[in-house]
Amino acid sequence: KRLKTKTINSTLSEIRDGLVYARVSSKKQEVEGSGLQSQEGRCLTKLKELGIPYRHSFLDSYSGGGDFMHRPAMRNLLAFVDANPHKKFVVVFDDLKRFARDTKFHLELRVAFKQRDILPICLNFNFDDSPEGEFIETILASQGQLERKQNQRQVIQKHKARLELGYWAFNAKKGYRMVKDPIHGMVCVPTKEGLVILKPALEGFANGALPRKMDVARFLVEKGFWKNPKRPERYQSFVAQILADCFYMGDIEYLKWDVGRRKGHHQGIITKATFDQIQRRLTKPFTTARVRKTINDEFPVRGLANCGACGKHLTAARSKGRPKAYGYYFCYNPSCSLYKKSIRKADIEKSFNSLLKQTQLKPEIGKVLEVIFEKVWKQETANLEQEEVVLISKIETLQRKVEDLTGLAIKAKSDEVREAYERQIEQASLELKRLQGGSVKEMDLHVPYRTALKKAAVLLKSPYVVWKKMDLHEQHELFFFVFEQKLTYDLDRGFRTADIPTAARLFEEFVMSNSNDVDPTGIEPVASSLQMRRSTK
């Protein structure tokens, strides 16, 4: 039976269909409670009492504050009405607070309803378009907003108090889970993924084994840190947050609420020393410069050197003279004291070559190179073998899936079902082809090992020798491996070598900081040197 309705208390004169809108404030209430079902049930009963035919329910689990258009179900409700312009609708709410809990958005939603000729019905309030009715409605909407903000303030106060006591007051961070402690209440505890995957990633970034954020992101993706991983590039900002977060060394900090750093009651997965080393690496002035496209053989240092006075990059050009033109480097920063002051091409390039010749490993460290390289290579080989086992298992699973789907497709009685199976078979076959192409089973890893070791040894022991054999583009690419940043050239002192971090120096620091992990067998001079260093600490 369809009834005509214009207002609840007047003669019904228009045909309308019934919609139900229900909302709870969180996913937890949606999953654990029965709020949505009870609200929907009461609204359906009201529609039945009014004799209005029911069409659809729109259920939200979204916080009451803010723009109503941020609520997915409310957007869908309005879109549903817009998609049926030839029909008229009644929307039933359980309570006025479910409509909106901000005065501004309450009024805007009422306007949106009026524009679409939607008749709102609230079980606990009678909508009335009279001046008095609008006044009461505004007062009640304001009261709902006040209650929401008071609740918000209480929640913040409780959370802040817990943060100040050293407890994390929100959902567990990645790599942790919340458990109930009889003394401390809910506390964060590291998960297996946090200890087995995230901890090595953070330590790898600290000691240089994973030198870039991208390397950390790639490591986490390859080790299965995320359930449904995306490309490593998508996780770089997330990795940056983790690297800068003192939570992972056991501290608590929440500057948004003025809660300064303090000792937490949860277990850190890295030490303070590791965290401090990570922060030093994060704040290091790494260059973001790339190889210039306009480089030429005449000025090989252009794009690699900065001005000693202002720090801006040095450019280069030829200047006419007698009897020929001469090359010069100079600063092109108008505010610099050395603006356009020429530096002879021969001087700066001779200084650079001299610096490159000095940039080499110490003899005793060079002997350790092969030991460390072989250890790392064995570890990587073991990782590849483990990944190969997982890969074979995935391939076998997909092959069985294709066989099963093929059998189901043959037995399918309708074209639609058969086509659905065929699409799944095609997707599984493509994935199978991709996985089979990634196998390393037939590779001889001994050959690339020796080649890589030889290149690394020559490069670290004598980068100048390698440099002279390369073309200019290769030289510029090599530069940012040998040096971590552009070099600063001073007119009086040449290149400032004291503060220049090089690959050789970083490798020496790595060897010294990880000397206990290196088996000194067969390299007695190095072992003696390292033992003497430890005895003086």
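Me: What makes Asp-215 and Arg-212 a salt bridge?
Reply: The closest N and O atoms of Asp-215 and Arg-212 are 3.1 Å apart. The cut-off is 4 Å between a side-chain nitrogen of Lys or Arg and a carboxyl oxygen of Asp or Glu, so the pair qualifies. Bear in mind that this is a predicted model.

Me: Why is Asp-215 called buried?
Reply: Its relative accessibility is 15%, and buried means under 20%. Asp-215 therefore counts as buried.

Me: And why does Arg-212 count as partly exposed?
Reply: Arg-212 comes out at 47% relative accessibility. Exposed needs over 50% and buried needs under 20%, so a value in between is partly exposed.

Me: Which side chain meets Asp-215 in a salt bridge at 3.5 Å, N to O?
Reply: That's Arg-218, and 3.5 Å is within the 4 Å limit, so the label holds. Arg-218 and Asp-215 both sit in helix H8 (residues 213–222), three residues apart, about one turn of the helix. In an α-helix there are 3.6 residues a turn, so residues three or four places apart point the same way. As for cover, Arg-218 has 31% relative accessibility and so counts as partly exposed.

Me: How do you know that the bridge between Asp-94 and Arg-42 links distant parts of the chain?
Reply: First the bridge: the closest N and O atoms of Asp-94 and Arg-42 are 2.5 Å apart. Now the positions: Asp-94 lies in the loop between strand E3 (89–93) and helix H4 (96–99), while Arg-42 belongs to helix H2 (residues 35–50), 52 residues apart.

Me: Buried or exposed, what are the two partners?
Reply: Asp-94 has 9% relative accessibility, so it counts as buried. Arg-42, at 41%, counts as partly exposed.

Me: How many salt bridges does the structure hold?
Reply: It holds 15. There is also a network of salt bridges linking Arg-16, Lys-88 and Asp-117.

Me: How do you know that the span of helix H13 agrees with its number of residues?
Reply: H13 (residues 415–436) has 22 residues, and at 1.5 Å a residue it should span 32 Å. The expected span uses one less than the number of residues. The end C-alpha atoms are 31 Å apart, which agrees.

Me: What makes the buried residues of H13 line one face?
Reply: Those residues are Ile-425, Ala-428, Leu-432 and Leu-435. Seen down the axis of H13, they fall within an arc of 85 degrees, so they line one face of the helix. The face turned away from the buried side carries the exposed residues Glu-416, Glu-426, Gln-427, Leu-430, Lys-433 and Arg-434.

Me: Which residues have the most contacts inside the largest nonpolar core?
Reply: In this core of 35 residues, they are Leu-163, Leu-198, Leu-202, Leu-220 and Tyr-248. Helix H7 (192–207), H8, helix H9 (236–243), strand E7 (251–254) and helix H10 (272–282) each supply at least two residues. H7 gives the most, with six.

Me: What does Leu-220 touch?
Reply: Leaving out residues up to four places away in sequence, Leu-220 touches Ile-197, Leu-198, Ala-201, Phe-225, Trp-226 and Val-239. Apart from this core lies another, of 23 residues, including Val-301, Leu-355, Val-466 and Trp-467.

Me: What about the chain as a whole?
Reply: The secondary structure comes to 18 helices and 14 strands, and 37% of the 537 residues count as buried. Among contacts with a separation of 6 or more, 60% come from residues 24 or more positions apart.

Definitions and conventions:
Residues numbered from 1 in each chain as written. Predicted model: local features only at pLDDT ≥ 70, side-chain atom pairs only at ≥ 80, totals over all residues. Heavy atoms only, no water. Helix = DSSP H or I, 4+ residues; strand = E, 2+ residues; numbered from the N terminus. Buried < 20%, exposed > 50% of the residue type's maximum accessible area, 1.4 Å probe, protein only. Arc of directions from axis to C-beta. Contact = heavy atoms within 4.5 Å. Core = buried A, V, L, I, M, F, W, Y, C linked by side-chain atoms within 4.5 Å.
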